[in-house]
Amino acid sequence: MGNENKEHVSLKRNMESRHLLMISLGGVIGTGLFLSSGYTIHEAGPIGTILAYAIGAIVVYLVMLCLGELSVAMPETGSFHVYADKYIGPGTGFTVAILYWLTWTVALGSEFTAAGLIMQQWFPHSPTWAWSALFMIVIFVSNALSVKFFAETEFWFSSIKVIAIVLFIVVGFLAIFGAIHIKGYSHAPMFTNLYKDGIFPNGFKAVFTTMLTVNFAFSGTELIGVTAGETKDPAKNIPRAIHTTLLRLVIFFIGSIVVMSSLIPWQKAGVDQSPFVLVFKSIGLPFAGDLMNFVVLTAILSAANSGLYASTRMLWSLAHEGMIPLKYAKTNRRGVPMIALCLSMLGGILALVSSVVAASTVYLVLVSISGLAVVIVWMAIALSEINFRRQFVKSGHKVSELKFKTPWYPVVPWAAFIMSFLSCVLIIFDPNQRTALFYMIPFLLLCYGVYYGKEYLKRRQQVQE
């Protein structure tokens, strides 16, 4: 590839530390926390849910420590598939990129639908598709202008969510200790709701089946790795983002769940509406429903914004590494890979169409695969780090040369790998989620088949020439 070609496929390092921090928070704090957290509490009970989120946070942190060492040593955009390619095998690198691209593309489809449905609550006679189309244009423009513009919009989207969660936790704790009156209580509720029906009201097994929901809720933290190639001073900013992101996630997720579980009996938690709205309404906060709907809308748009960015950079990276034609890596003068962006947007629109047209067949398969994909990506990150460190030392380098080291090697990467693997296997015990495994295994084989089939044809062509 000549110099001139490289110029047209290079990205710009325009992201600052504050952008990186908010993108990693923004990709995670979405409908998982605002809407489905109530379902998790209902299934596993309060203590069970706190335990499931605590285990989930440990798994994510271990994976992030592995990713930290890799992305500081080799700051590449779309990083994990490049690492998997180098340190596990090219077939795995290709499969990881396709899985990750699919995860975010399918999420885009559901996010645009959810945003349309929220707008319908304010404008009941308007069609959902019109709002979905409007938000598609907004998110597309945010990504198309420049990486700096994307990072800035993501920073403000995420800030709104973070302020809402902090406010919720502060107001919630004031209500728990009786400083603010809450409907249905004549005294301070304190923490009796957490344990009054026993520690695990639905049995300990419920903790493991909700673990999967929790892993999906935490997916998005690995976006730090995708941004590595467009971050200023990655050696300083990536480790800082990894440490602070996890601490904040634990505070936001576990803090919110403690507040919800203490103020709403777990049997009633968020079965029909967001637990956040329930708590604010019980406290008598004016416009609680509208305020929370606005926050949830922001959360959805922020997740769609991050999702389109992640899927675009994965396609760019696949082309840059020569796994798909180089034209998909072409960037414009603002450093945006427009062809990859348009293809990812098209993928999101097709996912959206399949959710309407073939919800019980095509869309179900896509959702099942994308749900498990993130955990498989985490496994690939952990294994890449194990093999990277081995090769690094074998080639005569010292561990002290690494600017960011995964602590407790090899315990941390192996623990990350095994815990991620177990959360895949534990699906078998949940009849609602079991089908995901049955779709995922053939899909993985198909990805490997496509890659090695393509390589075989390429070699044959070279021999004939």
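The pLDDT is the predictor's confidence in each residue, on a scale from 0 to 100. The structure is a predicted model, in which local features need a pLDDT of at least 70, side-chain atom pairs count only at 80 or more, and totals for chains, interfaces and linings use all residues. Residues are numbered from 1 along each chain as its sequence is written, and side-chain values use heavy atoms, with hydrogens and water left out.

The protein chain has an average pLDDT of 83. A score of at least 70 is reached by 92% of the residues. Helices are DSSP runs (H or I, at least four residues), numbered from the N terminus. Confidence is highest in helix H17 (residues 411-425), at a mean of 92. Confidence is lowest in helix H1 (residues 3-7), at a mean of 44. Over residues 1-7 the pLDDT is below 50. That stretch has 4 contacts (heavy atoms within 4.5 Å) beyond near neighbours in sequence.

Helix H15 (residues 338-357) contains Ser-344. Leaving aside residues up to four places away in sequence, Ser-344 touches Trp-101, Thr-105, Leu-108, Leu-308, Ser-311, Thr-312 and Leu-315. A polar atom of the Ser-344 side chain lies 3.4 Å from the backbone nitrogen of Thr-312.

Helix H4 (residues 37-73) packs against helix H12 (residues 234-263). Their axes, lines fitted to C-alpha atoms over the stretch in contact, are 10 Å apart. The angle between them is about 175° (on a range from 0 to 180 degrees between N-to-C directions). H4 is therefore roughly antiparallel to H12 (over 145 degrees).

Conventions
Helix = DSSP H or I, 4+ residues; strand = E, 2+ residues; numbered from the N terminus. Polar contact = N/O pair within 3.5 Å; in protein donor to acceptor, adjacent residues only side chain to side chain. Parallel < 35°, antiparallel > 145°, perpendicular 65-115°, else oblique.
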